[in-house]
Amino acid sequence: MKAVQYRTIGAAPEVVDIAVPEPGPGQVLLKVSAAGVCHSDIMVMSLPAERLPFPLPLTLGHEGAGIVVALGEGVSSVTVGDAVVVYGPQGCGLCAVCSSGRENYCPHARRLGIHPPGLGSPGAMAEYMIVDDPRHLVPIGDLDPVSAVPLTDAGLTPYHAVRRALPKLVPGSTAVVIGTGGLGHLAIQLLRALTATRVVALDVTADKLEFARGVGAHEALLSDANAAAGVRELTGGLGADAVFDFVGADVTGQSAVALAALDADIQIVGIGGGTIPVGFGRVPYGTTVTTPYWGSRTELAEVVALAQAGALSVHTETYSIDDAPHAYERLHQGKISGRAVILPGA
C-alpha cells in the first residue's frame, strides 16, 4: 500500500510502498478515507535527531477517518463497515485520568512510550492503518470523511480550549482568536455555537481577516503592533475576557497579554515555540495562562455531534496521497486556508 512517511531527519516526507498491516488481538484495521495535514507534523519534521523521541521511518497523519475492514481477536464493540474517526492523544487506558476519557492528559504515556498515530506510531496517511483499541474510534455516521477528519484535532483542540473558558464567555464578554487557520477558523465557529460572546479575530493579511468574518467573527483586526489598542477600543478599554492564541509565537503571546482584561483567560494553543513571562505584574491581575493539549474522547464525540447538527463548517483542500508532499509545502508557506486533507484512495 502507499503511505506518506517521514524517513530522514530534516528531509521532506516521501510517498512509499509498504505492506498492508494486519490487526492483532484487540486491534482494528481501517481502510483510510481521509487524513489531515497539520503544522504539528512540520514541527516534528523540524526536530534534530537528538530531540526526536521515536525511531524513523514514521507514517504521518494524526487526523484519520476511515472504514472498519477487519477486527483483531476479541474486538466486538465495532463492526466491519463502520465509518469512524480516530482519537489521537492516546494514553495507557488504565489510570484514573484515562478512565475518565482524558487520555490527552495521561500521566504515564510518555514513560510507557505511547505516542499518537502519526506523531510517533504509524499514522493515517496511508491506505490502511491499525488502531490499537476500539475505544479510540468515534462513529461519524454519514458525515463526509473529508470534513469529519479535521474534527479529530483542528476541531477537538479548540473545542477543549473553549470549554475550559466557558465561565468567562458570558453575554457581554469578548473573546479573541489569534490565527484563523486550521484550528482558528473552527474556534470562531465553536465560540459562536457555544457562547454569546463577541468574537474578535486577529491575523496577518486582509484575505485571512475576510475569511474569519466569513466563518463568523464579529470583528477582524490585523495582528500587528496596533492589535491590542484595537481590541481595547472595541471593549471600551477593558480588554478581552478570553484569548486563544493558535500561533504560539513570542509576538502573539505578547499581544495576548497586552489585550487581555483583568481576570482573563489566556490559552496558548499554537506550537510556535513562544513564551509568556508570568508573574505578579507581568500579566493582568487575576489572569490565568494555560497550555491546553488536544481534548478528551468524550469531547471528540461532542465535536462530531456538533458537526452532525450543522454547527461546524470545515474549510478543506483535498490532495491525492501522491500530492501529500506538495500539501506540506503549501502548509509551510502559509498558503492553505482551513485544513489540507489527503485522500489515500484518490
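Five of the six residues of β10 are buried (under 20% relative accessible area, with over 50% counting as exposed and the range in between as partly exposed, using a 1.4 Å probe and protein chains only), so strand β10 is largely enclosed by the rest of the structure. The model is predicted, so local features need pLDDT of at least 70 and side-chain atom pairs count only at pLDDT 80 or more, whereas totals for chains, interfaces and linings use all residues. Residues are numbered from 1 along each chain as its sequence is written, and side-chain values use heavy atoms, with hydrogens and water left out. The chain has eleven helices and 16 strands, where helices (H or I, at least four residues) and strands (E, at least two) are DSSP runs numbered from the N terminus.

**Overall dimensions**

- With 346 residues, a compact globule would have a radius of gyration near 20 Å, and the 20 Å of the chain agrees with this; the radius is taken over C-alpha atoms, and the globule rule is 2.2 Å times the number of residues to the power 0.38.
- The C-alpha trace spans about 60 × 40 × 40 Å along its principal axes, and buried residues make up 52% of the 346 residues.
- Of the contacts (heavy atoms within 4.5 Å) with a separation of 6 or more, 69% are accounted for by residues 24 or more positions apart.

**The six-stranded parallel sheet**

- Six strands form an open sheet in the order β11-β10-β9-β12-β13-β14, with parallel pairing; two strands pair if DSSP finds at least two bridges between them.
- The edge strands of this sheet are β11 (219-222) and β14 (288-290), each of which pairs on one side only.
- Neighbouring strands of the sheet are turned by 15° against each other on average, direction ignored.
- Strand β9 is joined to β10 by five bridges in the parallel sense, and V176 stands opposite V200 in β10.

- Helix α6 (residues 184-194) lies across β9 (174-178), β10 and β12 (240-245), and runs at about 165° to β9; axes are lines fitted to C-alpha atoms, for helices over the stretch in contact, and angles run from 0 to 180 degrees between N-to-C directions.
- Helix α9 (residues 250-259) lies across β9, β10, β12 and β13 (260-268), and runs at about 155° to β13.
- A right-handed β-α-β unit is made by β9, α6 and β10, where right-handed means that, with the strands pointing away from the viewer, the path from the first strand over the helix to the second runs clockwise.
- Strand β10, helix α7 (residues 206-214) and β11 make a right-handed β-α-β unit as well.

- L221 lies in strand β11 and, at 22% relative accessibility, counts as partly exposed.
- Not counting residues up to four places away in sequence, L221 touches V200, A201, L202, D203, L209, A227, G230, V231 and L234.
- L221 and A206 are 15 residues apart in sequence and 8.7 Å apart in space, C-alpha to C-alpha.

**Other strand pairings**

- Three strands form an open antiparallel sheet in the order β2-β1-β4; β2 (14-17) and β4 (58-59) stand at its edges with a single partner strand each, so one side of each is left without a neighbour in the sheet.
- Within this sheet, strand β1 (residues 2-6) pairs with β2 over four bridges in the antiparallel sense, and Q5 stands opposite E14 in β2.
- Strand β15 (residues 316-320) pairs in parallel with β16 (residues 339-343) over five bridges, with T316 opposite R339 in β16.
- Together with helix α11 (residues 324-332), β15 and β16 make a right-handed β-α-β unit.
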